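User: I am new to this structure and would like to learn how to read its features. Can we go through them one at a time?

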Amino acid sequence: MLILLVVIGGVAYALPNVFPSKTMADVPDWLPHKQVNLGLDLQGGAHLLYEIDEKQLVDDWLKTLRGETRSALRDDRIGYTNLQANPKTKSVSVRIRDNSDFDKAVSALKELSVPIDTSGFGMSGERNISVQGGENRTVTLTITDAGLTQRINGAIESSIETIRRRIDAFGTSEPSIQRQGRDRILVQFPGIQDVQRLKGLINETGKLDFQMVDPSANPQEVEASKRPPAGSILTYSADDAKIPYVLKDDVLVSGENLVDAQPGFDGRTGEPIVSFRFDSTGAKRFARATQENVGLPFAIVLDGKVISAPRIQEPILGGSGQISGNFTVEEANDLAILLRSGALPAKLTPIEERTVGASLGADSIASGKRAAVIAVIAVAVFMVLAYGLFGLFADLALLLNAILIFAALSLIGATLTLPGIAGIVLVIGISVDSNVLIFERIREEVRAGKSPLAAIDAGYSRAMATIIDSNVTTLISTLVLFWLGSGPVRGFAVTLCIGILCSMFTAVTFSRMIVAFWLRWTRPQVVPI
């Protein structure tokens, strides 16, 4: 009874793969409706490999560490000089003015260093920053290797979640986003059409800042001299015109305080805009900044480029506003997605890009189907020629094996790739091995003079140990492939593993059940094998 339930369940879960996706969308939720996901090489799409910018990550950390050092010394009323960051040594150094404050400064700065967990079982004693006192009352704060590794791990995890939010908002189905190595992220988009637009969405860091425009500086003169006033920076507009702006270095409000951003249209001009809303902290900062700078222009800066520089006509107290910048509808929508999903912790540099066309994917599917059909027919004909009626029983088990493979892939939501199809074709040949062992054993028992019932029972019983041993050794190799491999290799390992498990079930239990029914109905005097 249990065998029949497994067979019925396998057919029910494999059946949705026969119908188009549009048809299955109308199927009630209580019925099996999951289909096997097709990989990038089967339905086309983009394969993108990114590397996180470790230098920018370190520079940003040193900039933050420098500010924290300044604040810690000021809070303890400790005089200092020559506070500077050194990216080459990944350190921040500061000289304490008074010798009597040196030990106090070292103690205060050591509080900026926190323990990290490198073992997975609690704190290991390592810290993210090493604080050392040196000659001439100099204190050096150096980023440790363990601290940098922890920061990279956090940046990778944060980047993966940010990319996933952007892709979900974009509307791409079944993306694959996973870490690869120490500092890389592999992104795959099966079935995506507008690859360039999606690449643009991922490549943007999405760091949003609101900064005041320096009214005392002439942008053209600063651009010519390349010397902005102290406390100001020179930057350019995001459009093709590259208009220069001189901005105050202080950030009024950052994108971290945004809670929502939506595309829309200006009620007066009808042009596309992006409406945004701050959290309570950001709303207070934005309100104070606009109250203090009425009549002055301020810039909305995305990834270091000015996208809009309106003049503050009146205080903005509601914690919300809008961004306009001669956007197209698509640009406004993409900007809203960037702002909603949050900024990447560091820039992602594309180091490998590969696009697979839908027609090439269709050719791969057709080739895979053709190979599978030829393999099934060849194996089925061979089994019938070699073992007669019992070969037909093995062919029924082979058909069920293929059904169960697709049922399992649908049930666990696995992705079928071209190497996965190769694994299925390989399983077709492997799956009859168990039947061959059993049938040859039955032949030996028949030659020994046993009755049909005794020969068949002995054949299945005595071949069992050999079948288990051969399949377990193959499974071990498959699991090693899955553990050490990645991408297509894992796809091959998954289908091969599922196929082997299904073949053991169909050869040992299903085919034995068919043979048992045949024995009861016909009660043969000889075994036709």
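User: Where does K90 lie?

Analyst: This is a predicted model. K90 lies in the loop between β3 and β4 (91-96). K90 is partly exposed, with a relative accessible area of 27%.

User: What is the phi of K90?

Analyst: Start with the general idea. Most residues other than glycine have a negative phi. In this model, phi of K90 is near 55°, a positive value in a residue other than glycine. N82 also has a positive phi, near 55°. N82 lies in strand β3 (residues 80-86) and is partly exposed, with a relative accessible area of 48%.

User: How many salt bridges does the structure hold?

Analyst: Side chains of opposite charge can pair when their charged atoms come close. The structure holds 11 salt bridges. One of them joins the side chains of K248 and D214, at 4.0 Å from N to O. K248 is in strand β11 (residues 244-248) and D214 is in the loop between β9 (208-212) and α8 (219-225), so this pair ties together parts that are 34 residues apart in sequence.

User: Is D214 buried or exposed?

Analyst: Buried means under 20% relative accessible area. D214 has 4%, so D214 is buried.

User: Which residue meets R462 in a salt bridge?

Analyst: The partner of R462 is E445, with an N to O distance of 3.0 Å. R462 lies in helix α15 and E445 in helix α14 (residues 433-447), so the pair ties together parts that are 17 residues apart in sequence. Salt bridges that share partners join R441, E444, E445, K450 and R462 into one network. Within it, K450 forms a salt bridge with E445, where the closest N and O atoms are 3.0 Å apart. E445 counts as buried at 5% relative accessibility, while R462 counts as partly exposed at 47%.

User: Which residues make the nonpolar surface patch of about 610 Å²?

Analyst: The patch is made by I468, V472, I476, V480, W483 and L484. I468 lies in helix α15 (residues 452-484). I468 is partly exposed, with a relative accessible area of 36%.

User: At roughly what angle do the axes of helix α1 and helix α12 cross?

Analyst: The axes of α1 (residues 2-14) and α12 (residues 389-412) cross at roughly 60° and come within 8 Å. That angle makes α1 oblique to α12. The crossing of these two helices, α1 and α12, is left-handed.

Note on methods:
Residues are numbered from 1 along each chain as its sequence is written. This is a predicted model: local features need pLDDT of at least 70, side-chain atom pairs count only at pLDDT 80 or more; totals for chains, interfaces and linings use all residues. Side-chain values use heavy atoms; hydrogens and water are left out. Patches are made of residues with over 30% relative accessible area and no salt bridge: like charges are joined within 9 Å, nonpolar side chains (Val, Leu, Ile, Met, Phe, Trp, Tyr) within 5 Å. Accessible areas come from the Shrake-Rupley method with a 1.4 Å probe; for residues, only the protein chains shown count as cover. Helices (H or I, at least four residues) and strands (E, at least two) are DSSP runs, numbered from the N terminus. Buried means under 20% relative accessible area, exposed over 50%, partly exposed in between (1.4 Å probe, protein chains only). Axes are lines fitted to C-alpha atoms, for helices over the stretch in contact, and angles run from 0 to 180 degrees between N-to-C directions. Angles under 35 degrees count as roughly parallel, over 145 as roughly antiparallel, 65 to 115 as roughly perpendicular and the rest as oblique. A crossing is left-handed if the near helix is turned anticlockwise from the far one by less than a right angle, and right-handed if clockwise.
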